[in-house]
Amino acid sequence: MKKAIALISGGLDSMLAAKVVQEQGVHVEGLNFYTGFCVEGHTHAIREKHRSRPRRNNALWVAEQLGIKLHIIDVSSEYKDIVINPKYGYGQNLNPCLDCKIFMVNKALAWGMEERDFDFVLTGEVIGQRPKSQRKETMPIIARESGADDLLLRPLCAKNLTPTRPEREGWVDRAALYGFHGRNRKPQMALAESFGFSDYAQPAGGCCFLTDAQYASKLQDLWDARGERDYELDDIMLLKVGRHIRPASHYKLIVGREEGENRYLEGYRKRFLHMRTTGFPGPLALIDGAPKRRDLTLAARILARYSRGRTLPRVDVSAHHTDGVVEMLNVEPLSPTDLPASWHV
Ligand code: SF4
């Protein structure tokens, strides 16, 4: 029996691609990469407004539906170079989709075929679905630069592409593969229905935060403020949470927008100068960067503006320094008109 390694993002396309090949009697196992930018489970688990969505890891859930083994691999440190220096540039935001695909297929190849006895790699790519990474011209680039060459099968659009080795050698029947193309999702939805899949993750424009305009602007701001294109895992986690307000290039506030976010930020408070209002409820604010003494008053005024005391003439704010010193500030909450829109990252 031939064995295929399937890249599983948690979305419908990779689920269908794996199922199509599985149906042909091929043994399929899934591979999912943790890049640090994955949308999966993060904000959905933290934010109240996302509570209606199922709190699950969609890749694991897909594997469960397919009855396949899923291997989740943390590639977050190696992935940094892809985000910082993409050879093929970015998509609409800071999403280096083409480089990312090449990287992931290459990783799958090394993991599944060089280190284990898998015969080929499969992905859920569909020609024309994404403007940059899923054009007909980019398909051969991914196959070539990843090193997978004709051992990379795209079951959902294979009929629009040159036959790969799994098809030529009869490991899979090309006639039973598909020729989907373009952004129309109806063929995939019909195929899902034919397999009896009714509940699946709706594609929301991408599988990671790098496709999100707001997130990309926060990442760009981080790079601009630090004067270098670099990040730590904690940086990119915190970009997913809270309001980011930068009054000056040397510091910014990360202010929780709701209870779930405040709880999440609590986990970071010992490593940051942080502030909270005293006497009544308000958000937690982490201060990232190197604020000067005189900046603390403005930071406290901004925080007070998001607390329940925003209409009071003055509000008490405690500033907790990383050395354990707690400083009390009594400030006038900043009025919304004094908070320039340009400070919102
Ligand atoms: S959306 Fe994100 S994870 Fe998906 S291919 Fe693009 S960069 Fe990679």
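**Figure 1. Leu7 stands opposite Leu31 in β2.** Strands β1 and β2 pair in the parallel sense, through 5 bridges. Two strands pair if DSSP finds at least two bridges between them. Helices (H or I, at least four residues) and strands (E, at least two) are DSSP runs, numbered from the N terminus. The structure is a predicted model, in which local features need pLDDT of at least 70 and side-chain atom pairs count only at pLDDT 80 or more, while totals for chains, interfaces and linings use all residues. Residues are numbered from 1 along each chain as its sequence is written.

Figure 2. The open sheet has 5 strands in the order β3-β2-β1-β4-β5, and the pairing is parallel. Its edge strands, β3 (70-74) and β5 (152-153), each pair on one side only. Helix α1 packs on this sheet and touches β1, β2 and β4. The direction of α1 makes about 170 degrees with that of β1. Contact here means that the C-beta atoms of two residues, placed from the backbone, lie within 7 Å. Angles run from 0 to 180 degrees between N-to-C directions, and axes are lines fitted to C-alpha atoms, for helices over the stretch in contact.

**Figure 3. Helix α1 is largely enclosed by the rest of the structure, because 10 of its 11 residues are buried.** A residue is buried if 20 or more other C-beta atoms lie within 10 Å of its own, exposed if 12 or fewer, and partly exposed in between; the C-beta atoms are placed from the backbone. The buried residues of α1 are Leu12, Asp13, Ser14, Met15, Leu16, Ala17, Ala18, Lys19, Val20 and Val21. Their cover includes β1 (3-7), β2, α3 (58-66), β4 (120-122) and α8.

**Figure 4. Where α1 meets α8.** The axes of helix α1 (residues 12-22) and helix α8 (residues 186-194) come within 10 Å and cross at roughly 50 degrees. That angle makes α1 oblique to α8. (Angles under 35 degrees count as roughly parallel, over 145 as roughly antiparallel, 65 to 115 as roughly perpendicular and the rest as oblique.) The crossing of α1 and α8 is left-handed, a term used when the near helix is turned anticlockwise from the far one by less than a right angle. On the α1 side the contact is made by Leu12, Asp13 and Leu16, and on the α8 side by Gln188, Leu191 and Ala192. The residues of this contact divide into 4 nonpolar, 1 polar and 1 charged. (Ala, Val, Leu, Ile, Met, Phe, Trp, Tyr, Cys and Pro count as nonpolar, Asp, Glu, Lys and Arg as charged, and the others, Gly among them, as polar.)

**Figure 5. Thr35, a residue in the loop between β2 (27-34) and α2 (42-46).** Thr35 counts as buried, because 21 C-beta neighbours lie inside 10 Å. Leaving aside residues up to four places away in sequence, Thr35 touches Val75, Ser76, Tyr79 and Cys208. Thr35 and Cys100 are 65 residues apart in sequence, and their C-alpha atoms are 9.9 Å apart in space.

**Figure 6. Asp149, in the loop between α6 (138-146) and β5.** The phi angle of Asp149 is near 45 degrees, a positive value in a residue other than glycine. Asp149 is partly exposed, because 13 other C-beta atoms lie within 10 Å.

**Figure 7. Six strands in an antiparallel sheet.** This open sheet of 6 strands has the order β6-β7-β9-β8-β10-β11, with antiparallel pairing. At the edges stand β6 (243-248) and β11 (326-331), each with a single partner strand, so one side of each has no neighbour in the sheet. From one strand to the next, the twist averages 25 degrees. Strands β8 (residues 273-277) and β10 (residues 315-320) run antiparallel and are joined by 4 bridges. Arg276 stands opposite Ser318 in β10.

**Figure 8. Helix α12 (residues 293-305) lies across β6, β7 (251-255), β8, β9 (284-289), β10 and β11.** Helix α12 runs at about 65 degrees to β11. Its buried residues are Leu296, Ala299, Ala300, Arg301, Ile302, Leu303, Ala304 and Arg305. The cover over these residues includes β6, β7, β8, β9, β10 and β11.

**Figure 9. The whole chain, for orientation.** The chain has 12 helices and 11 strands. Its C-alpha trace spans about 75 × 40 × 35 Å along the principal axes. Of its 345 residues, 43% count as buried. Among contacts with a separation of 6 or more, 64% are between residues 24 or more positions apart.
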